[in-house]
Amino acid sequence: MAKQHVVLLFGGNSSEHDVSKRSAYNYYKALEETGKYDLSVVAIAQNGYFLDAKRSMKIMMQEDEQPLVDSYMAELKDKGILSPIKALEDLPEIDIFFPVVHGNLGEDGTLQGLFRLLDKPFVGAALRGHAVSFDKVLTKEILTQNNIRNTKYLVTYKADKEKLTWSEVEKELGSVVFVKAANQGSSVGISRAENEEEYEAALKDSFQYDRKVLVEAAVNGPRELEVGVIGNDDILVSEIGAHQVPDQGGDGKGWYDYHSKFVDNSEVAFEIPANLPDPVTAEIKEMAAKAYRVLNLQGEARMDFLIDEDNVPYLGEPNTLPGFTNMSLFKRLWDYSDINNAKLADMMVQYGFEAYKQASEISYSFESLGEEKVGTFNGK
């Protein structure tokens, strides 16, 4: 029996481009270990072009990317409207796409729309699940509507004529806040502020990345927690992981930023499973599962939580395509939940086929309109 052909896509035009390479490598090795699949990789260059499999493999293996992109662009004869995805035509028949593109394109629903147009199965949530979850404001509105505890927040727009002032923020949210670009991931466009000067600088930074900005209340004495969720209708929730950076908690100013996540987490203290009272552990897992469902997620997600000094948990945000680097807690959580990398990657592929089958059973039939018969207006 022929093996199913899995195509891993990585890269993209987001700030997490290099992170994506590392995640893709680990998923590739995990799928290879199963022995069940034929594998191809497709790198998406920062200019948006999909590259051929040979160059993509070199990029995933950390060869210098720009010369490979330049040579591909120089050889590309057809520069038509579909030329950015032309590399897909040169692959063997594709059975399923496995996107490992963090941030823009991969987590905002763009690629999922392409997969649907191509009528191919894919790993992870459908377009709407990604798009809603990628927008931090929409996420919080849905969580709030469904009584899933999250921190207080305000929203401001770049086009606002009357700017949200620090005095208004401090009155509503307290003296320590986080300012976040609404549509970015992994701590990009996010700043901590506890006075007017820091707040203004944070707004300026966040508005580089989006025209909508979330201003969120800080949690007292916070610990940061992560929970993995996988599945479609029947879901599995991982053990809870905790991490703490130096000078975090109490009045400390430390937090789990981009550098700590992806560059150097040698000073981050990890704890799996998190040392929590049993009722709190159960509540967090229940919150994670409920959020996964109401946000219309499938396949995989990581739910990020904050817990305050009184052990009250707040759901921070979902990550619909979590990192799978050696530093990623999502990867470690499943190890502690007795699901190794190969088994996890295999399960995710099977969830993708299952979701495609379910979607194909939805009816999109229509009734022919026939000849138009327009009613009268004002008796005429």
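**Entry 1: the parallel sheet**

I looked up strand β1 (residues 4-11) and found that eight bridges join it to β2, the two running parallel. I took strands (E, at least two residues) and helices (H or I, at least four) as DSSP runs numbered from the N terminus; two strands pair if DSSP finds at least two bridges between them. The model is a predicted one, in which local features need pLDDT of at least 70, side-chain atom pairs count only at pLDDT 80 or more, and totals for chains, interfaces and linings use all residues. Residues are numbered from 1 along each chain as its sequence is written, and side-chain values use heavy atoms, with hydrogens and water left out.

I noted that V7 has S40 as its bridge partner in β2. Helix α2 (residues 53-60) packs on the sheet and touches β1 and β2, its direction making about 80° with that of β2. For contact I required heavy atoms within 4.5 Å; axes are lines fitted to C-alpha atoms, for helices over the stretch in contact, with angles from 0 to 180 degrees between N-to-C directions. I also found α12 packed on the sheet, touching β1, β2 and β3, at about 125° to the direction of β3.

The sheet is open, with three strands in the order β2-β1-β3 and parallel pairing. I recorded β2 (37-44) and β3 (96-100) as edge strands with a single partner each, so one side of each lacks a neighbour in the sheet.

**Entry 2: the nonpolar cores**

I found 54 residues in the largest nonpolar core, where L8, L9, Y27, L31, F50 and F98 have the most contacts. Such a core is a set of buried Ala, Val, Leu, Ile, Met, Phe, Trp, Tyr and Cys residues joined through side-chain atoms within 4.5 Å; buried means under 20% relative accessible area, with a 1.4 Å probe and protein chains only. Helix α12 (residues 341-360) gives the most to this core, with seven residues.

I listed the contacts of L8 beyond four places in sequence; among them are A24, Y27, L31, V42 and F98. A second, separate core has 25 residues, including L225, I235, M287 and A301.

**Entry 3: helix α10**

I checked the length of α10 (residues 278-294): its 17 residues should span 24 Å at 1.5 Å a residue, and the end C-alpha atoms, 25 Å apart, agree with this. The expected span is 1.5 Å times one less than the number of residues.

After α10 comes N296, with a positive phi near 65°.

Key:
Buried means under 20% relative accessible area, exposed over 50%, partly exposed in between (1.4 Å probe, protein chains only).
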